[in-house]
Amino acid sequence: MRVALISDIHGNLVSFKAVLADIATQHVNEIIFLGDIANLGPQPHECVQLLKSLDCPCVIGNHETYLFRPDLGHAYMRGTRWFHDTLTWCRASLTPEDYKYLRTFRPMIRVRLSEEASLLCFHGSPRSNTDNIFSTTPHDVMEDMLAGHRATVMAGGHTHV
């Protein structure tokens, strides 16, 4: 099974279309979205609509959470003015149908790749969509973030790496 993972679009429709054009040449069986479709970029509604048209499984990212709970976003971004203004504008740019769709996103998605292999998808980590997993993350910290979850392959977004 060939799976395309996409993440952290952040309202950038031009880049989203470019990624999808590349995926179309890769002969994938499934696309999975790992979170953060709308907030921060210039075309949040259009990105949500394009993602919805893909009819793919979607993980909830921290920025979807902030669309529903702006107070959490403001706390995470420590009250920065640009973030407040951007989040306010983005929230107003989305339709009730967009919000209904965003509410279908899940914290994690598990995919059976074969009889022996599985894929676990999340945004930051299985524990929290704001966790950062890097190649330098210490083993004990990683174990806490993975919280006992096991899979052949684990995939997350959030860090933009």
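Start by selecting R150 in this predicted model: with a relative accessible area of 54%, R150 is exposed. The side chains of E143 and R150 meet in a salt bridge, 3.9 Å from N to O. E143 counts as partly exposed, at 31% relative accessibility. Side chains of opposite charge can pair when their charged atoms come close.

How many salt bridges does a search of the whole structure find? The search finds four, so let's visit two others, because the cut-off for such a pair is 4 Å between nitrogen and oxygen.

**Two further pairs**

Select R127 and D131. The closest N and O atoms of this salt bridge are 3.0 Å apart. Colour the two residues by accessibility: R127 is partly exposed, at 48%, whereas D131 is buried, with a relative accessible area of 11%.

Next, go to helix 5, residues 81–93, and pick out R81 and D85. They sit four residues apart, about one turn of the helix. An α-helix has 3.6 residues a turn, so residues three or four places apart point the same way. Between D85 and R81 you will find a salt bridge, with 3.2 Å between the closest N and O atoms. R81 counts as exposed at 57% relative accessibility, and D85 as partly exposed at 37%.

**Along helix 1**

Now select residues 13–24, which make up helix 1. Try the distance tool on its end C-alpha atoms: they are 16 Å apart, which agrees with the 16 Å that twelve residues should span at 1.5 Å a residue.

Which residues of helix 1 are buried? Highlight L13, F16, L20 and I23. They lie on the same side of helix 1, because they cover an arc of only 80° around the axis. To see what covers these buried residues, show strand 1 (3–6), strand 2 (30–33) and helix 2 (44–54), which are among the covering elements.

**Into the nonpolar core**

The largest nonpolar core has 27 residues. Select F33, I37, L51 and F105, the residues with the most contacts inside this core. Elements that give two or more residues to the core include helix 1, helix 3 (62–68), helix 5 and helix 6 (96–102). Helix 1 provides the largest share, four residues.

Centre the view on I37. Leaving aside neighbours within four places in sequence, the contacts of I37 include I9, F16, C47, L51, L102 and F105. Another core, of eight residues, lies apart from the largest one; select I32, L34, V59 and L119, which are among its members.

**Last stop: N39**

Finish in the loop between strand 2 and helix 2, where N39 is found. Is N39 buried or exposed? At 0% relative accessibility, N39 counts as buried. Show the residues around N39: beyond its neighbours within four places in sequence, N39 is in contact with H10, H63, L67, F83, T86, L87 and C90. Zoom in on H63, whose side chain is joined to that of N39 by a polar contact of 2.9 Å.

Conventions. Residues numbered from 1 in each chain as written. Predicted model: local features only at pLDDT ≥ 70, side-chain atom pairs only at ≥ 80, totals over all residues. Heavy atoms only, no water. Buried < 20%, exposed > 50% of the residue type's maximum accessible area, 1.4 Å probe, protein only. Expected span 1.5 Å × (residues − 1). Arc of directions from axis to C-beta. Contact = heavy atoms within 4.5 Å. Core = buried A, V, L, I, M, F, W, Y, C linked by side-chain atoms within 4.5 Å. Polar contact = N/O pair within 3.5 Å; in protein donor to acceptor, adjacent residues only side chain to side chain.
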